[in-house]
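Visitor: Please show me the structure, and then I will ask about it piece by piece.

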2 protein chains.
Amino acid sequence: MQARVSVTLKSGVLDPQGKAIEGALHSLGHAGVTSVRQGKIFDVTIEGTDRAAAEAELAKVCEALLANTVIEDYAIVIDGNGGAAA
Amino acid sequence: MQARVSVTLKSGVLDPQGKAIEGALHSLGHAGVTSVRQGKIFDVTIEGTDRAAAEAELAKVCEALLANTVIEDYAIVIDGNGGAAA
């Protein structure tokens, strides 16, 4: 089963990388871009066909390794359908 | 206008970070995870309300800065609707 996990900074958390990208885009002439926030995505292949079990496993994986839940949120999308988010 | 740009490695390009995450997950007991590939997402706010113009601008932004188009693909999703991809 294929899943995409996206990990983004919680709103209110400063994103220095995003700010740096904004500055670079402005200097490249893309003044229309008013804000950029960077995150990570993980395309994960997981064994099994039970969607709920896969989601539960992936939530554990996010909590254990992929996301720093103090400052980051994660969202799990399995096979292109909406999934769990935290 | 809000857009999400996802940048992922082209298939066939080795992803050492993904491999490292796979190994770490296996050692944490998540043997069900058979593959992990990491990418980046950018949540971009861009001025204007013309979707096509925003997509064209974002494609330029991707080509200029956000994606290394030799080894990476990018996909632009504006306001939750399907958008351009390369």
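Predicted model: local features only at pLDDT ≥ 70, side-chain atom pairs only at ≥ 80, totals over all residues.

Visitor: By what turn can chain B be laid on chain A?
Guide: Two copies of a chain are related by a rotation about an axis and a shift along it. Copies are superposed by least squares on the C-alpha atoms of residues with pLDDT of at least 70 in both. Here the RMSD is 0.0 Å, the shift along the axis is 0.0 Å, and the turn is 180 degrees. The two copies are thus related as by a two-fold rotation axis.

Visitor: In chain B, which C-alpha is nearest the axis?
Guide: The distance from the axis is 2.2 Å. In chain B, the C-alpha nearest the axis belongs to Lys40(B).

Visitor: What fraction of the interface residues of chain B are also interface residues in chain A?
Guide: The copies meet through the same surface.

Visitor: Which residues of α1(A) are buried, and within what arc do they fall?
Guide: Buried means under 20% relative accessible area, exposed over 50%, and partly exposed in between (1.4 Å probe, protein chains only). In α1(A) the buried residues are Gly18(A), Ile21(A), Glu22(A) and Leu25(A). Seen down the helix axis, they line one face, because the arc that holds them is 105 degrees; the arc is that of the directions from the helix axis to the C-beta atoms.

Visitor: Which exposed residues are on the face of α1(A) turned away from its buried side, and what do the buried residues pack against?
Guide: The face turned away from the buried side carries exposed Pro16(A) and Ser27(A). Contact means heavy atoms within 4.5 Å. The buried residues of α1(A) pack against β2 (33-46) of chain A, and also against β2 (33-46) and α2 (51-66) of chain B.

Visitor: How are α1(A) and α2(B) oriented to each other?
Guide: Axes are lines fitted to C-alpha atoms, for helices over the stretch in contact, and angles run from 0 to 180 degrees between N-to-C directions. The angle is about 110 degrees, and the axes are 11 Å apart. Angles under 35 degrees count as roughly parallel, over 145 as roughly antiparallel, 65 to 115 as roughly perpendicular and the rest as oblique. The two helices, α1(A) and α2(B), are therefore roughly perpendicular.

Visitor: Which residues of α2(B) do Ile21(A), Ala24(A) and Leu25(A) meet?
Guide: Those three residues are in α1(A). In α2(B) they meet Val61(B), Leu65(B) and Leu66(B).

Visitor: Is His30(B) buried or exposed, and what is it in contact with?
Guide: His30(B) is in the loop between α1 and β2 of chain B. Its relative accessible area is 8%, so His30(B) is buried. Leaving aside neighbours within four places in sequence, His30(B) is in contact with Leu25(B) and with Glu57(A), Lys60(A) and Val61(A).

Visitor: What does Gln38(A) touch?
Guide: Gln38(A) is in strand β2 of chain A and is buried, with a relative accessible area of 18%. Asp15(A) is 23 residues from Gln38(A) in sequence, and their C-alpha atoms are 7.4 Å apart. Not counting residues up to four places away in sequence, Gln38(A) touches Asp15(A), Gln17(A), Ile21(A), Lys40(B), Ile41(B) and Phe42(B).

Visitor: Which residues does Ala59(A) touch?
Guide: Ala59(A) lies in helix α2 of chain A and is partly exposed, at 22% relative accessible area. Not counting residues up to four places away in sequence, Ala59(A) touches Tyr74(A) and Ile76(A).

Definitions and conventions
Residues numbered from 1 in each chain as written. Chains lettered and ligands numbered in written order. Heavy atoms only, no water. Helix = DSSP H or I, 4+ residues; strand = E, 2+ residues; numbered from the N terminus.
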